[in-house]
Structures are given as C-alpha cells and as structure tokens.
Amino acid sequence: MSAFPGSAGGTRRKRVVVAGLGDTGVLAAIRLARHADVVGISAKPGLLSGQELGWRLRRPDEWARTNWMPFDRFRGLDPVRTVHATLTGVDLTERTVFARRADGSEVTERYDALVIATGVTNGFWRQPILQSEEEIGAGLRAMHDRLAAAGSIIVVGGGAAAVSSAAQLAIGWPAKRVDLYFPGDRALVHHHPRTWERVAHRLRDLGVGLHPGHRALIPDGFFCDEITSGPVQWCTGQPAAPADAVLWTVGRVRPNTGWLPREVLDADGFVRVTPSLSITGRPEVFALGDVAATDPLRSSARNRADALVARNVRAVFAGRPPRQYRAPKWRWGSVLGVEPTGLDVYTPNGAVFRFPAWAFHRVLLPVVVGWGYYRGVRSNDPLAPATT
C-alpha cells in the first residue's frame, strides 16, 4: 500500500478518522482503508442500518442477516481499527477527536483527515446511544412483538419509511387493519409523482387504508421515538383515529452533531459543507450522509457519496483539486422494501425495475452489495464455508 508524505520524519501513512459507522460511514471507511490508516468510531458494535424499516418490523431476524452485522463480518473493514464509544467532542485546530467508552474511559484520536458520518436520530430505529449486541437484538424483537400483538395499526407519515412500513405490515399480517395517514394530497412528495402512483396502487392491493390530508397533532416533548396506542389526534380537523398500535414515521430527524462546534453547523444543526463535501476553511474535514447539509433532501446518504469523499480525501493528501457532489432532483431507490416476490427499485424519473426474489437473494445481496459495496461479507452461519 502506498504511503503519503508525512512530516519531518519522512513518509508515513495518513490517518483518517471516520466518525460514525452507519450505512455511509462503513462504506467510506472501506474505501479509505486501502489508502490510509483508518479508525472508525461507532456507538454500535456493528453496522445497524437505518434502512428498510418495514422489513425490519415484519421479519427482524431476516432483516438482521443483512442489516445488523458485527464489523468483523466485513472483509473490507479488516484493516480498520474500530472503537466502540460515544463521540464527545473535536478540536479542529489540533485535529483530535474525543469519545467515551461504555466503561467511562476516554478516547483520544488524532487525524490527518476527518469524515463525519454520524447521521440523524429518527424514531426508535435510529438512535445514537451506546448499545451492546444484546441490547440491539432485544430491541429488534420487542418492536416486532409489539406490532404482532396489535389488531389494528396506524402508520403516521408520508415518507418512504412510512410507506414501506405500511406495506410490510400488511404483507406480514394480512388479517390486521393497517392504515396510512399522511398530510398532503399524496405521500412520497420527494419522489417523482409516478412513483407514488405505482406505490399507491400496490398499497391498495395489500388492503392498506390511505388517508391523505391528515396532519397529526404531536404533543410537546414527544419525539416520535416509540410505538404508542391510539387514538391519534389531527390538527387538520378530522375526528381522532383509534388503533391498538401507532407507528410514528413523521420525519422528525435530529442531527447527531452535539459533539461538533456550533460554527460548522447550519441553523438546524446539520453540518454545512462545500460542493466537495468538506467544511469551509477545513479542507481535511468532510461530512456525508444524512448529517450533511448538501441539499434540501440531504441526498448524499443515498447516492454513494462515500466514493466521492474517499476520492477527495486522497486528493487533499496529494494536493489535487477535489471533485464536487451533484444532488439529484428526486429521491430514488427501494420504496416498499423486500416483498416475498422480490424487490422493486424506483428510478428518479418514476420508472421501476423489479428484482425477482431469486435475483435479490442470490445476486443483488451477495454479489452487488456483499462484494461490490462491502468488498466481501463473511457468513454468520457457523456451518457455511469460510469463503462465503
């Protein structure tokens, strides 16, 4: 592996600290590990994805096989030193990150480049708290069991998490009454209109009740981070709606940036970035994913900005100009999640590509995701060959 120019002692490999090892942080760390010494700091002992909420609630064990994985399963993370700790601060002048482990011991990590990928807090499924494997596993099962015991479910929200949850719950428990309430004339307002047309048709086929024009009255101090019981009150004037369980997916995201200095944040607490995804005046500090204020949709989380950041970190080390991030107009990707028949992926223009179930499980997951994205994922099956 190549070495980058160092200080007075000659040459040395540069050190990159990746703050946050969620979906985007893991991908960035894997790409950078081939070119620098990488340290990843995470509040979780593995990748706990914030994606595919509906699948996670319907079949948590199946979801966990590809979305909740200890770091040692990723071959691409073998060169990365991971630290299980909560971030507490950073000194941008001294290029030092601070964190705290579960036992209270302090962590200090120096860096030549810093990648901020701490994401956002969103509902019960995306929390920045320090957790063990046992706590995460118990949480996955508890939320599934809570919904399994309910005879009727209301899903509140109009984004992809709400839509996929309504669909997956209806697929998993067809005898339950599942209703989706959203504030506008249509859900998925950040997707192409054709996407919602197709998705709405599928939801009706599944028996999901669609209720446009309903904006929930959310009590002060409630962060929508738990499954509650009805009734749900509406500030748009409709009668309250009863349900045994209420899933709140209203997009009340809060950036996980309490450890960062205020001057690098925008008015909402997200990291302000330049078109190259670096911080103004700090070309060695980058941010990507939901925590980065790239555009109104904060779209770098879903558009492989990890490749751009890795390239730009190397460009800074080599004294080359960085490249710029270009945000798409519409969101795209899987909306309803994995169904028994396969996976539908919606393009930015509203077209849809279907991966049948066999292609999803035998090609998309192991080849495209496992090798293409993660550079190889070890099996969690003790009876499987070591090379899988």
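Helices (H or I, at least four residues) and strands (E, at least two) are DSSP runs, numbered from the N terminus. The model is predicted, with pLDDT of at least 70 needed for local features and 80 or more for side-chain atom pairs, while totals for chains, interfaces and linings use all residues. Residue numbers start from 1 along each chain as its sequence is written, and side-chain values use heavy atoms, without hydrogens and water.

**View A. Backbone at arginine 298.** Arginine 298 sits in the loop between strand 21 (292-293) and helix 7. Its phi is near 45 degrees, a positive value in a residue other than glycine.

**View B. The cis peptide bond from glycine 230 to proline 231.** Omega is near 5 degrees for this bond. Proline 231 belongs to the loop between strand 15 (209-211) and strand 16 (245-248).

**View C. Salt bridge of arginine 15 with glutamate 109.** The closest N and O atoms of the pair are 3.4 Å apart. Arginine 15 is in strand 3 (residues 15-19) and glutamate 109 in strand 10 (residues 106-110), so that distant parts of the chain, 94 residues apart, are linked. The structure holds 15 salt bridges (a side-chain nitrogen of Lys or Arg within 4 Å of a carboxyl oxygen of Asp or Glu).

**View D. Domain 1 and domain 2.** An automatic or database domain assignment gives domain 1 (15-130 + 254-318) and domain 2 (143-250 + 333-368). Their contact (heavy atoms within 4.5 Å) takes 14 residues from domain 1 and 25 residues from domain 2. The C-alpha centres of the two domains lie 27 Å apart.
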